[in-house]
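Here are a few exercises to work through with the structure open beside you. Try each one yourself before reading on.

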Amino acid sequence: MIIDDQHYDVIIIGSGAGGGTLAGSLAGKGHKVLLLERGGQMALADQNVADVDLFRKDRYHPAERWFGPDGDPFAPQTIYGLGGNTKIWGAVLERLREKDFGAVHLQDGISPSWELSYDDYSPYYDRAEALFQVHGKGGVDPTEPKRSQEFAKPPKPLESFLEPLREALQRNGSNPYDLPLSWSDSQEDPSGDAEIYGVAPAVRDAAVQLRTNAKVTRLHVNPAGTEVKAVEADLQGQTWLFSADLVVLAAGSVNTAAILLRSTNDTHPRGLSNGSDQVGRNLMKLQLTSILQLASVPNSGRYARSFGVNDYYWGDKNVSFPLGHIQSCGGVLQDALFAESPPVLSLVSKLMPNFGLEELASRSVAWWAMTEVLPDPHNKVFLQGDQLRINYIANNREAHDRLVYRWIDTLKAVEADPLTHVVRTAPTHPRGEAPISVMGYVCGTCRMGSNPATSVVDLQGKSHEIQNLYLADASVFPSCPSIGPGLTVIANALRLSDHLEQIL
Ligand SMILES: Cc1cc2nc3c(=O)[nH]c(=O)nc-3n(C[C@H](O)[C@H](O)[C@H](O)COP(=O)(O)OP(=O)(O)OC[C@H]3O[C@@H](n4cnc5c(N)ncnc54)[C@H](O)[C@@H]3O)c2cc1C
């Protein structure tokens, strides 16, 4: 075992949306920071992949197996590397709606309040959008929360066939809006991510040290069990111990819970910060269904996600409970998430026999239907020996089905519209639910709250039990609203950064 001879002000574990952002935000302020990241730097050639190669089975799956509800192993789609899952995300950075922070009545039950309001997050959303260069246009989506400023940058122009499609949707009563997207100025790596906007600015500060290929295995506490004294990590087969005044876990919902559960000791026999038995529980996995429409004109299959529709976000003409969010998937050859649902394309191949994958993609328009799920203590991450296990049964399914059918009705109306020439009527709209391997959108497992009996960290992200331990990733989410979690993870990390500034 090697004991690092440095002592840091802060150790951050994980360099994704939460950890990378926090590292960047603490840089340049005179703090000695160590960033421990399990993976290395993703090769540029692997980033922003836009070709049939995206459908390769091993693409974006680390050589690791998790075990699902039936006990079978599966390969999660997740990035262990600088920037974490933001390296392959769709870069759609949406604010939660005001009402999402309160208790929301879903069809299957009440989605809990965050005990914080939109106003608490609003200034951090402003900062998060500026930091990640979010391009967007306010005032179009009727569900949009209030903003103190317009997006700094306008949306980028759409792939040409999408403009007539947007007009067709509008003619048929929908309210499509440009999705707010993070872009970078780099030609080689155009989509914004936490490496570009978090890690890179962090390591420009000599007081910030970065160690890659450093897999944190457990945390060690003092004899009283009140303080983390050492962070244990495996660096290419060697065990290292690192120490700091403050330790921030940002390894993502699954791995943050796993590290805490693995860190058992006499004072914390169920794992660290787990006196409430809540660590690992309330895992939430956004319900995601891809829906395909046939295009009458070929498209490149290589373009970013483009517009969203929130007309059913809070319900529809028949029901008053939330159904969710619709998002244009982007080019089929560019969406890493879609590549996890290949059976959908194989259904399209029945409609267009003799077409190869590339041609099928160019004749497809893909959509995502996204619906909230409720936290359920039985949906959890837990350890069985060395195995990382996931118990998960989705809830709120009928609301999701309603959303899917609502959207298919809308697509049919658009296809039947004589003025629409870019999509065509089809006997069926192939669709597929994201399988268990799609773990990139998960949240929960270590929820924040004011009650130590029902939560793991307080409203600032500080452990209820360990005085120098904080969490800064999607694990702290008390609920899982229907839009992507990314911007809220970033905003939350900036909020935590302000808090740490006061105590460092
Ligand atoms: C294909 C895909 C598309 C997505 N698209 C969108 C989108 O368009 N919009 C949106 O809002 N969200 C999107 N998401 C979700 C978004 O990427 C996540 O919500 C976000 O990255 C979560 O941030 P995080 O900090 O919790 O975890 P991550 O960003 O995953 O970061 C966790 C980090 O911890 C590291 N780590 C893990 N274990 C250890 C360990 N033991 N020791 C050291 N380091 C460790 C990982 O390597 C990683 O760098 C997408 C996700 C995927 C996979």
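**Exercise 1. A strand and its two partners**

Which residue of β13 does Glu232 stand opposite?

Keep in mind that you're looking at a predicted model. Start by finding strand β12, residues 228–235, and then strand β13, residues 238–249. These two run antiparallel, joined by five bridges. Now look across from Glu232: the residue opposite is Leu241 in β13.

Next, look at the turn. The hairpin of β12 and β13 has two residues between the strands, and Gln236 takes a positive phi near 50° there.

Within it, Lys215 stands opposite Asp234 of β12. The β11–β12 hairpin has six residues between its strands, and Gly225 in the turn shows a positive phi of about 75°.

**Exercise 2. How α1 meets α4**

Work out how to describe the angle between helices α1 and α4.

Step one: locate α1 at residues 17–26 and α4 at residues 194–203. Step two: their axes come within 7 Å and cross at roughly 40°. Step three: angles under 35 degrees would count as roughly parallel, and 65 to 115 as roughly perpendicular. As for handedness, α1 passes α4 in a left-handed crossing.

Who makes the contact? On α1, the residues include Gly20 and Ala23; on α4, they include Tyr197 and Pro201. Sorted by class, the contact has seven nonpolar, four polar and one charged residues.

**Exercise 3. How α1 meets α9**

Is the crossing of α1 and α9 left-handed or right-handed?

The axes of α1 and α9 come within 8 Å and cross at roughly 40°, so α1 is oblique to α9. This crossing is right-handed. Leu22 and Leu26 of α1 are among the residues in contact, as are Val489 and Leu496 of α9. The contact holds nine nonpolar residues, six polar and no charged.

**Exercise 4. Around the ligand**

Which residues come nearest to the ligand?

Of the 41 residues around the ligand, the nearest are Gly16, Gly84, Gly440, Gly484 and Gly486. The largest share, four residues, comes from α5. To finish, sort the shell by class: 19 nonpolar, 18 polar and four charged.

Key
Residues are numbered from 1 along each chain as its sequence is written. This is a predicted model: local features need pLDDT of at least 70, side-chain atom pairs count only at pLDDT 80 or more; totals for chains, interfaces and linings use all residues. Axes are lines fitted to C-alpha atoms, for helices over the stretch in contact, and angles run from 0 to 180 degrees between N-to-C directions. A crossing is left-handed if the near helix is turned anticlockwise from the far one by less than a right angle, and right-handed if clockwise. Two residues are in contact if their C-beta atoms, placed from the backbone, lie within 7 Å. Ala, Val, Leu, Ile, Met, Phe, Trp, Tyr, Cys and Pro count as nonpolar, Asp, Glu, Lys and Arg as charged, and the others, Gly among them, as polar. A residue is near a molecule or strand if its C-beta atom, placed from the backbone, lies within 6 Å of it. Angles under 35 degrees count as roughly parallel, over 145 as roughly antiparallel, 65 to 115 as roughly perpendicular and the rest as oblique. Two strands pair if DSSP finds at least two bridges between them.
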